[in-house]
Amino acid sequence: MSAAVTVCPHPVDARTPRVPENLAYSLTLPAALASPAVARSAARTILEAHGLYDVTAAAVQVIGELAACACLFTPTDSVYLSLRYRDDALRISLYDGHPRHTHRRLAAACEAGGGPCSCCWPV
């Protein structure tokens, strides 16, 4: 006799509605080779748990790329990933330990590039 068994990989708590409006997660990850994969996996689980299936693939791709660059270029030992849903938009932030420049022109050039500037890359 065989029985079909199904397992829900993500149990849904009836007290917490599966809506994107209450999506607010933060992760601190080590600046290590495995962290982009961990970030992608966590993001996929979070987004699907909140019913955001239509943006999951694109968001996971973006998160993987951001995490890989952050882990490669950060001068610190960790990076910080934030996922929020506000004003009908998914907001993805990934912070690394890239220090702010004290020189005004360097700060402007670095911020315009959206990430580690060429003056900060390891040579």
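# A friendly walk through loops and helices

Colleague: Let me start with Asp87: does this residue count as buried or exposed?
Modeller: The cut-offs are under 20% relative accessible area for buried, over 50% for exposed and partly exposed in between, with a 1.4 Å probe and protein chains only. Asp87 has 69% relative accessibility, so Asp87 counts as exposed.

Colleague: Thanks! What should I know about how the values were made?
Modeller: This is a predicted model, where local features need pLDDT of at least 70 and side-chain atom pairs count only at pLDDT 80 or more, while totals for chains, interfaces and linings use all residues. Residues are numbered from 1 along each chain as its sequence is written, and side-chain values use heavy atoms, leaving out hydrogens and water.

Colleague: Good to know. What is the pattern of the protein chain, read along the sequence?
Modeller: Helices (H or I, at least four residues) and strands (E, at least two) are DSSP runs, numbered from the N terminus. The protein chain comes to three helices and three strands. Along the sequence, the pattern is β-α-α-β-β-α.

Colleague: Back to that loop: what phi does Asp87 have?
Modeller: Asp87 sits in the loop between β2 (78-86) and β3 (89-95). Most residues other than glycine have a negative phi. Asp87 has a positive value, near 50 degrees.

Colleague: Which residue has a positive phi of about 60 degrees although it is not a glycine?
Modeller: Look in the loop between β2 and β3, where Asp88 has its place. That residue is exposed, as Asp88 has a relative accessible area of 66%. The residue with a positive phi of about 60 degrees is Asp88.

Colleague: Now the helices: how are α1 and α2 oriented to each other?
Modeller: The axes of α1 (residues 35-49) and α2 (residues 53-73) come within 8 Å and cross at roughly 155 degrees. Such axes are lines fitted to C-alpha atoms over the stretch in contact, with angles from 0 to 180 degrees between N-to-C directions. Angles under 35 degrees count as roughly parallel, over 145 as roughly antiparallel, 65 to 115 as roughly perpendicular and the rest as oblique. The two helices, α1 and α2, are therefore roughly antiparallel.

Colleague: How far apart in space are Leu23 and Ile46, C-alpha to C-alpha?
Modeller: Leu23 belongs to the segment before β1 (24-30), and counts as buried at 0% relative accessibility. Among the residues that Leu23 touches, not counting those up to four places away in sequence, are Ile46, Leu47, Leu83 and Leu90. Leu23 and Ile46 are 23 residues apart in sequence, and their C-alpha separation is 8.1 Å.

Colleague: Last one: what share of the residues in the protein chain is buried?
Modeller: The protein chain has 123 residues. Buried residues make up 24%.

Methods:
Contact = heavy atoms within 4.5 Å.
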